[in-house]
Amino acid sequence: MKRLIAIALLVCGCLAGAQTRLTLQNVHKVFIEKMDNNLDQYLTTAILKQFHGTLQVVLDRAHADAILHEAPQGAQNHKATVELVDPSGQAVLWAGSAGDRS
């Protein structure tokens, strides 16, 4: 039960005195960390095309509502997995993966 409460508090955005809940709907600015094989550049382009200005990619981490980074993978794993996390890195807002195209 304590674990469930702790997770609920993180997801509710109780971060550094935040009063509002951080959800995907509250994310308007994203910082994309550097990733292997220039995946960050591909994701930046895809986000700009897909969201037509409703989601902005920022170059300064301090101005971001959320951070997109590559999730750690095993050495033999041929998938790319990314996570969208709150600025403190304590709550995962979204995650997705894609297989090796080759």
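Just after α2, H52 adopts a positive phi of about 45° in this predicted model, for which local features need pLDDT of at least 70, side-chain atom pairs count only at pLDDT 80 or more, and totals for chains, interfaces and linings use all residues. Residues are numbered from 1 along each chain as its sequence is written, and side-chain values use heavy atoms, with hydrogens and water left out. The helix α2 itself has 13 residues and reaches 18 Å from its first C-alpha to its last, close to the 18 Å expected at 1.5 Å a residue, the expected span being 1.5 Å times one less than the number of residues. Its buried residues are L39, D40, L43 and I47, where buried means under 20% relative accessible area, exposed over 50%, and partly exposed in between, with a 1.4 Å probe and protein chains only. Because these residues cover an arc of only 95° around the axis, they lie on the same side of α2, the arc being that of the directions from the helix axis to the C-beta atoms. The buried residues of α2 pack against β1, β2 (56-58), β3 and β4, contact being defined as heavy atoms within 4.5 Å.

The protein comprises two helices and five strands, arranged along the sequence in the pattern α-β-α-β-β-β-β; helices (H or I, at least four residues) and strands (E, at least two) are DSSP runs, numbered from the N terminus. Of its 102 residues, 26% count as buried.

In the largest nonpolar core, which has 13 residues, V27, V30, I32, M35, L43, L68 and V82 touch the most other members; such a core is a set of buried Ala, Val, Leu, Ile, Met, Phe, Trp, Tyr and Cys residues joined through side-chain atoms within 4.5 Å. Two or more residues of this core are given by each of β1 (29-32), α2 (39-51), β3 (66-70) and β4 (80-85), and the largest share, three residues, comes from α2. Apart from this core lies another, of five residues, including F31, V58, I67 and V85. When residues up to four places away in sequence are not counted, V27 touches L22, L55, D65, A66 and L93.

K79 is located in the loop between β3 and β4 and, at 48% relative accessibility, counts as partly exposed. Neighbours within four places in sequence being left aside, K79 is in contact with Q73, S97, A98 and G99; K79 and A98 are 19 residues apart in sequence and 5.6 Å apart in space, C-alpha to C-alpha.
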